Amino acid sequence: MGLLAGKKVVVLGVANEKSIAWAIARLFHAEGAELLLTYAGEAIEKRVRPLAESIRATVAPCNVTSDEEIATLMSAIDERWGGIDILIHSVAFADKEELKGSILSTTRQGFSMALDISAYSFIALLKEAQPLMAGRNAVALAMSYYGAEKVFPNYNVMGVAKAALEASVRYLAVGMGEDGVRVNAISAGPIKTLAAAGVAGFNQILSTVEERAPLRRNITQEEVAKSALYLCSDLASGVTGEVHYVDAGYHVTGI
C-alpha cells in the first residue's frame, strides 16, 4: 500500500514529460493514487494524453481563465469520483514581452493576465472544489518560485504573480481550514522546463544556484515531487499555509 492509496488527485499544469506537474503525477501514481490530468488547448492535449495513458490517468480540458470551464471540470469530477483528495496547481503564464526589460515594462493587460492565470486561478479552482474537498482531509498544493521574494532578472511580473500566489496560499489555508483542507505551496529552485524557456538568461540562473547553493547543485523535478508527496500525505497532517523550499538551500544564502 502506497502513501496515497485510493486518493483521488487532480493535477493541473502538465505540459510535457519535463514538467514538475508530470513528475508529481508519476510519483503519486506509484504511491497508489488515481489521477486526472487537465489540459488547455489541443496542442497541450496531444502531449498530455500519452503521458496520462502511461499511468492510467483520466484527462479533461480546463482553461483556468474560464469560470465556466472550471465549473464544468468540477461537475465532471463530482460525477466520476464524488470528491477530491488532492489538487495540484502547477499553472503559471506571462507573455514573453512582459519579461523583458524591467518591471516598468509591464503593461496593464500583461499584468492582469499573469495574475489571473498564475495566482487567481488557484482561488477560482478551490472555490469550485471546496464542496468536493470538504471533510476528506484534502490537500491543495501550488508551485511557486523564489522570485516571489527576491528580484530576479527578466522575471518581472511573474515575481509579482508568484508573490500573490504565496499570499493566496496563506489566506486559502484559513478559508479552507474549517473544512479540514490543508493548503500549501512549494518554492522550487530553477529547473529546465517549458515555462523556464521563456525567461531570458535562465542558464545563468542555473549556474549561479549551482555555485552558491549549500548543496552546490540544482534540483530535479523528482525532488520537488517527493516534497509534494510529503505535503499531500498524512505525514504532513498538521502542516498548512506553508511555503516549502526545494532549492538545494539557495534561499538561505546571502551574496
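Visitor: How are α1 and α7 oriented to each other?

Guide: The general idea is to compare the directions of the two helix axes where the helices touch. In this predicted model, the axes of α1 and α7, the latter spanning residues 221-232, come within 8 Å and cross at roughly 55 degrees. An angle between 35 and 65 degrees counts as oblique, and α1 and α7 are therefore oblique to each other. The crossing of this pair, α1 with α7, is right-handed.

Visitor: Which residues in α1 and α7 meet?

Guide: On the α1 side they are I20, A23, I24, R26, L27 and F28, and these meet Q221, E222, V224, A225, K226, A228, L229 and C232 in α7. When reading such lists, keep the helical repeat in mind: an α-helix has 3.6 residues a turn, so residues three or four places apart point the same way.

Visitor: At what angle do α4 and α5 pack?

Guide: Their axes are 8 Å apart and the angle is about 20 degrees. Angles under 35 degrees count as roughly parallel, and α4 and α5 are therefore roughly parallel to each other.

Visitor: Where does α4 bend, and what follows the helix?

Guide: A bend is read by comparing the axis before a residue with the axis after it. For α4 the bend is about 50 degrees, at Y120. The helix has 26 residues and reaches 35 Å from its first C-alpha to its last, close to the 38 Å expected at 1.5 Å a residue. After α4 comes G135, whose phi is positive, near 75 degrees.

Visitor: Is A119 buried or exposed?

Guide: The reading rests on relative accessible area, for which under 20% means buried; A119, at 3%, is therefore buried. A119 lies in α4, which covers residues 108-133, and, leaving aside residues up to four places away in sequence, it touches A114, A161, A164 and L165.

Visitor: How does E149 count by relative accessibility?

Guide: E149 has a relative accessibility of 40%, so this residue counts as partly exposed. E149 sits in the loop between β5 (139-144) and α5 (157-177), and touches E166 and Y245 when residues up to four places away in sequence are not counted. From E149 to K162 there are 13 residues in sequence and 8.6 Å in space, C-alpha to C-alpha.

Visitor: Which residues of α2 are buried, and what covers them?

Guide: In α2 the buried residues are I44, E45, V48, L51 and A52, and what covers them includes α1 (20-30), β2 (34-39) and β3 (58-61). One of these buried residues, V48, is also where α2 bends by about 30 degrees, with a proline, P50, following within four residues. The helix, residues 42-54, has 13 residues and reaches 19 Å from first C-alpha to last, close to the 18 Å expected at 1.5 Å a residue. R56 follows α2, and its phi is positive, near 55 degrees.

Methods
Residues numbered from 1 in each chain as written. Predicted model: local features only at pLDDT ≥ 70, side-chain atom pairs only at ≥ 80, totals over all residues. Heavy atoms only, no water. Expected span 1.5 Å × (residues − 1). Bend = angle between axes of the 7 residues up to and from the residue. Buried < 20%, exposed > 50% of the residue type's maximum accessible area, 1.4 Å probe, protein only. Contact = heavy atoms within 4.5 Å. Axes fitted to C-alpha atoms, helices over the stretch in contact; angles between N-to-C directions. Parallel < 35°, antiparallel > 145°, perpendicular 65-115°, else oblique. Left-handed = near helix turned anticlockwise from the far one by under 90°.
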